[in-house]
Amino acid sequence: MDDILRFALLGLGLGALYALTAHGIVLVYRGSGVLNFAHGAIGMAGAYVQWELAVNHGVPYWPAVACGVLGSTVLGVLTHLLVIRPLRRASSLARLVGTLAVFIVLTAVAVKRYGDSVQLVPAKLPSGLVEIAGATVSEDRIWLLGIAVVVTAALHALYKRTLFGLGTTAVAENQGAAASLGWSADLIAAANWGLGSALAGLTGILIVPVIGLSVTGLTTLLLSALAAALVGRFSSFPVTLAGGLVIGVVQSELTRFGSDVTGLAASVPFLVIALMLVARGRALPLRGTFLERLPALGTGRVRPVPLALAVATGLLLIALSSPLWADAITNTLVLSLIILSIIVVTGYAGQVSLAAYALAGTGAFIAGHAAADWGWPFELALLAGVLGTVPIGLLFALPAVRTRGVNLAIITLGLGTTLETMVFQNTDLSTTPGSDGIAVGKQTLFGIDISGVDHPQRYAAVVLVMLVAATLVVANVRRSRTGRRLIAVRANERAAAALGIDVRAAKLYAFGLSAAIAALAGVLTGFRSTSVVFADFASFESITALGLAVIGGVGFLVGPLFAATFAAGTVGARFGDLVLPGLSEWMPLIGGIILVLTLVGNQDGIGRELGKQAAGAERRLLSKRGPKHAGAAQDTAAGAGMAEGDESAAPDVRPAAPSRATHRAPGLPLRVRDLTVRYGGVVAVDGLSFDIEPGRVVGLIGPNGAGKTSAIDAVTGFTRAASGSVRLGDRDVTRLPVHRRAGSGLSRSFQSLELFEDMSVLDNLYAACDRPGPWTYLMDLVRPGSRPLPAHVLVAVREFGLESALDRPVGDLSYGERRLLAIARAVATSPSVLLLDEPAAGLSDDESRELAHLVRRLAEDWGMGVLLVEHDVDMVMSVCDEVVVLDFGRRICVGTPEEVRGDPAVRAAYLGDLAPEEVAP
Ligand SMILES: Nc1ncnc2c1ncn2[C@@H]1O[C@H](COP(=O)(O)OP(=O)(O)OP(=O)(O)O)[C@@H](O)[C@H]1O
């Protein structure tokens, strides 16, 4: 009993430190919307400044503390000014990686100066023993708790009661509105960065007497602090404090009572994170989720001749290299594989995962046991490692189904760290007795000795071949239907689901493939020497790998190889040493600085530049050779083997069949009965019923806020209906998810269009009409194939006048063209029923008339049923066979346009605002 209390008191001290760290993270997040992964590193810097001054320069304690806190503050403000502010219009991935870059730079500087030693720092807080309710505990824990309570109260007051606090809240909620009230978002962000970082420094100085001063010690606090911040929803300081304390206490009790399970206590923060995020997450983001610019993507086109030349040159270099160079080449290639795995999941599918090294370690773990325990040969062990990691990768993907962005980064880092502490660092599981890892011995491949110890050149050659094979697979995926689906999900999950794309399956696929590639890297790393050592798979290395991926260009297949050369131990580092002896020790720092420069200067990384150069070289070559060779040379020229140009892959718009509208299936009628939609207490749709027969256009009108969009959302599955049913033909689709409703014939457009902005018009259409079968996901790995646009889509392209726009990026289209594309894309899914949400908004009178004509033709010539939600009453009355009028979610009238016009209730509720001539027949 005494023990329980004693460990609880110890835990309160620890929890207080978590809460203080979390407060700093919350300040920065509220002030600038950025989750600062460098928070621990900034705190570490402050602690080192204080320690240096006090120990090496004899500065008295308190002035040294002040300098340490000031040092952290300056670092925080500089991070804002030099890294985050220039990235304010960039993607949130870029900002996240910006803080990772600061983390990398600070860690690199500290490692350079202090190595990986841990300094014992004498405690300054009173450390006598006190007795509380029979339990003895060191006094400093009580002090820590007291400091945390005081700081929490001060921050709470600052943000609730002062102008500065109100300004921060205003900016956090709506930058535009805050700016119009005279709040400078920039100033507020800088101040919060400064304050948050000061707190990081103070916490660092307070904590090092407890955990020792080391480069990485404070960073490992990050997960616990993030968990506390999440409990407080990144806004409430008192709740964050409570969260931190509970986590600290539970952890402390587990170190006492659960110590037989390795890493259990360390995993508590992660469990908290996982539960909070998944419980609060949503399968699809809400309407109006901010759409941002995404990193550019390559085309995935492979030019066989340069590729073959590059591989041959690589093999020749390996054959000529000394063992040390061969090792450096292997390091480079293995790291390239890790980065390639990030390209699949983050570049293509847009999911920020920080689990690359955890998955690599898993591959090595499985393959290591297969080889060491069951005596499997290398080939089989490798296969087991790669395939066995896929299910673990899918496990990592589960949170991605309900969370995204920064939250996903946190949760994957947490899962990875848990795996590391519970499995990789558990010597019972990860070492063979008498060895420093899992003893796997020397390897042969198809009877040839490829041992990395005896024949490093052969081993490097094997790794090169594997890297090329993996890259070709990823290139296939990029060009395939599956790749288009991943990219559609990255661009806009809501729109993707509305087109019948199974967003969850796409994410799982990306994680699965990425896990397999990371595992391949892991096995190849582990099996180089005679035992698999897990120090090679530190979870936090995934942060550096993501940074490198961004340097290389997270959407480009040439990126990995170039990016990998910036890391320690690689070919780049050895070259550096040749040019300037000792340079390799600075590699991490140089890499970090290059990352910052890459982000600020050109978010799309080296890959994009290489692609452009290659495309330019190709064009020049073509123009010299003359037009005769143009076609043949298209696939061959280019610099670095697989350099993908900027241009999109040549579209295949051959008509697949006669150009008559070939509708997929006989149109099915839609029957909606007693549909009710509630948002909390608001009843947005109240018992709505209507039918749409094939070939008929039904209008749904009503004043603003009447519930029209909510009705479409509920019919298509974006909002759960509280009650009522939706049937398409004989099928009850009420409970189906969005993509399955779309697949069975319900297609919609959005008021805000929700086009895939970074894709071409053609790819927007392809994303809608691709209908992959059950084996497509696997076939696309090896044979992407190119398919012509189906006949009905070609007809739609012509009808909507988009022929000349097919190759253009959506961002270049005019407003009217964008509106037409949104409808054409919905039509491309060949629906039975098309639900159009304010398609004419913002169009001129002529354009609206043209659109009305098109809508009529969709019904009459294509046999679709159309639901038209529109404020343009003229258009509705001229196009619709029947009109349903909503007011406050209730159907107040239904009938032909004439009947509706004459209805007194409608005139009172809606048409009454209009001028008499607009209402007159
Ligand atoms: N996510 C939500 N949470 C809470 N209330 C919501 C949500 N979405 C819509 N509402 C409310 O539901 C009601 C119906 O909104 P809805 O957007 O469906 O109307 P609408 O007829 O499409 O309006 P408009 O013509 O302005 O587009 C409104 O009172 C709106 O404020």
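1. Start at the loop between β15 (882–887) and β16 (890–895), which is where Phe888 lies. (Helices, H or I of at least four residues, and strands, E of at least two, are DSSP runs numbered from the N terminus.) Phe888 has a positive phi of about 50 degrees although it is not a glycine. With 15 C-beta neighbours inside 10 Å, Phe888 is partly exposed. For the cut-offs: buried means 20 or more other C-beta atoms within 10 Å of the residue's own, exposed means 12 or fewer, and partly exposed is in between, with C-beta atoms placed from the backbone.

2. A word on the source: this is a predicted model, where local features need pLDDT of at least 70 and side-chain atom pairs count only at pLDDT 80 or more, while totals for chains, interfaces and linings use all residues. Residues are numbered from 1 along each chain as its sequence is written.

3. Phe234 is another non-glycine with a positive phi, here about 55 degrees. Look for Phe234 in the loop between α9 (221–231) and α10 (237–257). Phe234 is partly exposed, with 17 other C-beta atoms within 10 Å.

4. Ala229 is in helix α9, and it counts as buried with 30 C-beta neighbours inside 10 Å. Leaving out residues up to four places away in sequence, Ala229 touches Ala22, Ile25, Val26, Phe234 and Thr240 (contact means C-beta atoms, placed from the backbone, within 7 Å).

5. Now the helix pair. α18 (residues 456–479) and α21 (residues 503–526) pack at an angle of about 175 degrees, with their axes 11 Å apart. That makes the two roughly antiparallel, a label for angles over 145 degrees. The axes are lines fitted to C-alpha atoms over the stretch in contact, and angles run from 0 to 180 degrees between N-to-C directions. Val463, Met466, Ala470 and Val477 in α18 meet Leu513, Ile517, Leu520 and Leu524 in α21. The residues of this contact divide into 8 nonpolar, no polar and no charged (nonpolar is Ala, Val, Leu, Ile, Met, Phe, Trp, Tyr, Cys and Pro; charged is Asp, Glu, Lys and Arg; the others, Gly among them, are polar).

6. Last, α12 (residues 304–320). Leu307, Ala310, Gly314 and Ile318 are buried. Down the axis of α12, its buried residues fall within an arc of 70 degrees, so they line one face. The buried residues of α12 pack against α13 (323–348) and α18.

Definitions and conventions. Angles under 35 degrees count as roughly parallel, over 145 as roughly antiparallel, 65 to 115 as roughly perpendicular and the rest as oblique. Two residues are in contact if their C-beta atoms, placed from the backbone, lie within 7 Å. The arc is that of the directions from the helix axis to the C-beta atoms.
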